[in-house]
Amino acid sequence: MDFDLPEDIRLMQATINKFVNQTLEPLSAQIEEDDAIPEDVVQSMREMGLFGMSVPEEYGGLGLPTLGECLVYEEISRVNSSVRMRFSTNNGIGSLGILYDGTPEQRERFLPSIASGEKTIAFALTEPDAGSDASAIRTSAVRDGDQFVLNGRKMFITNGAIADLITVLAVTDPDKGARGGITAFVVAKPTPGLEVGKLEKKMGLRGSGTAELIFEDCRVPVDNVIGGEEMIGRGFQTAMKVLDKGRLTLAASSVGMARKALELAVLYAKQRVQFGRPIGEFQLIQGMLAQMATEIYAGQTMVYRTAWQKDQGRPVRKEAAMSKLYCTEMLGRVCDSALQIHGGMGYMKEYAIERIYRDARVTRIYEGTSEIQKLVIAKELLRD
Ligand SMILES: Cc1cc2nc3c(=O)[nH]c(=O)nc-3n(C[C@H](O)[C@H](O)[C@H](O)COP(=O)(O)OP(=O)(O)OC[C@H]3O[C@@H](n4cnc5c(N)ncnc54)[C@H](O)[C@@H]3O)c2cc1C
């Protein structure tokens, strides 16, 4: 077995590291304060190709393998998870449906501007009454000649307010539901009948917008059904394939956040003196640090192994769900210990661990809660 990273991926990792340390790290507090990512940072990310990391080179992307993509997410999330979310929908949940199941014409039409970051694409599946049970969506798409008319509401949509394009899942045959009755569309903004609704005020992830989208007689050309006529009714399967990869990249991101939490905890443990000694000399603190490091190592190994497996073209549904489950739960434990090591200071906004603790919480919820990951894993086990 070869555990060395390929040369091109190591070079990419070094470039990202430099960007993270020199540009992002100093801006993290400002992003938190302003609840916005400075436009020049977004532009730098466009120039580095981050909006098209996983898009094949023929469409203007970097064509990185999954392993490379995971390493980028890990590094960026080390300092700011909101920054990751600014470009992750373009590489992941927003664009993958087009890449996996789009027609050649759709790939040509949409992917180059997504890869360059000129356009932002979001993914709209969740609705007020359909979260974990995504098959219960009600947004309807009724055919009228060479158009579909969309009506319904989507909620919690990452980058929903700023998106130029949205991959939208809607019901085209209520009798069939997820088994042949849900279709994936690409909807451009602005389109009459599509409005941005409520902008959520969140516990964390400041700098990453989460919006409601309202469709009222919104007309979308049949040409924008992902995969064309023959994919009408097959959008749910497209969405599930897309989420498999999203789970893995989110696991990678969780590893990055956990690494930062550990780094901060080690630093603090060396500096903070109590009972005449740095607290890092107390074995109860050492035990926490050792546990954190061990769990991060386990999570990181799961991510790299699963990414490698995906890059070999092998199925990863179970392993991606396991990675997401383990790494996000591990992140929760690591952040909790890191904050504990900071004592009262960890509860204060001037210490970065306070933000990381809040940013981390949602990883156990979005792109499928921990409970749903367990259901996915068990289903695969029982099928095997
Ligand atoms: C910040 C943020 C960004 C998001 N971005 C997007 C996005 O870009 N696009 C998008 O489409 N969605 C997005 N979401 C939605 C996200 O994927 C859902 O919130 C998530 O899938 C959970 O759905 P829910 O919130 O409706 O919770 P619910 O489904 O209502 O779950 C509530 C609780 O019940 C549990 N539960 C539900 N069913 C079962 C079961 N069968 N067995 C055991 N326990 C169960 C859940 O695990 C959870 O603990 C985002 C959410 C957040 C918070």
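**Domains and ligand**

The C-alpha centres of domain 1 and domain 2 lie 23 Å apart. These belong to a predicted model, in which the protein is divided into domain 1 (7-116), domain 2 (121-230) and domain 3 (237-383). Where domain 1 meets domain 2, 25 residues of domain 1 are in contact with 19 residues of domain 2. The size of an interface is often given as the accessible area lost when the parts come together. For domain 1 and domain 2, the buried area is about 1,800 Å², and carbon and sulfur atoms give 57% of this area.

The ligand is found elsewhere in the domain layout. Domain 2 (121-230) and domain 3 (237-383) each supply residues to the shell around the ligand, so the ligand lies between these two domains. There are 17 residues around the ligand, and those that come nearest are Thr-126, Ser-132, Phe-156, Thr-369 and Glu-371. Sorted by class, the shell consists of nine nonpolar, five polar and three charged residues.

Some distances to the ligand can be stated atom by atom. In the side chain of Ser-132, an N or O atom is 2.6 Å from an oxygen atom of the ligand. A polar side-chain atom of Glu-371 also lies 2.6 Å from an oxygen atom of the ligand. With Leu-125 the backbone is involved: one of its polar backbone atoms is 2.9 Å from a ligand oxygen atom.

Taken alone, the ligand exposes 980 Å², and the protein buries 65% of that. The largest share, three residues, comes from β3.

Key. Residues are numbered from 1 along each chain as its sequence is written. This is a predicted model: local features need pLDDT of at least 70, side-chain atom pairs count only at pLDDT 80 or more; totals for chains, interfaces and linings use all residues. Side-chain values use heavy atoms; hydrogens and water are left out. A residue is near a molecule or strand if one of its heavy atoms lies within 4 Å of it. A polar contact is a pair of N or O atoms within 3.5 Å; within protein, one must be able to donate a hydrogen and the other to accept it, and residues adjacent in sequence count only if both atoms are side-chain atoms. Accessible areas come from the Shrake-Rupley method with a 1.4 Å probe; for residues, only the protein chains shown count as cover. Helices (H or I, at least four residues) and strands (E, at least two) are DSSP runs, numbered from the N terminus. Ala, Val, Leu, Ile, Met, Phe, Trp, Tyr, Cys and Pro count as nonpolar, Asp, Glu, Lys and Arg as charged, and the others, Gly among them, as polar. Domain bounds come from an automatic or database domain assignment. Contact means heavy atoms within 4.5 Å. Buried area is the accessible area (1.4 Å probe) that two parts lose on being put together, summed over both.
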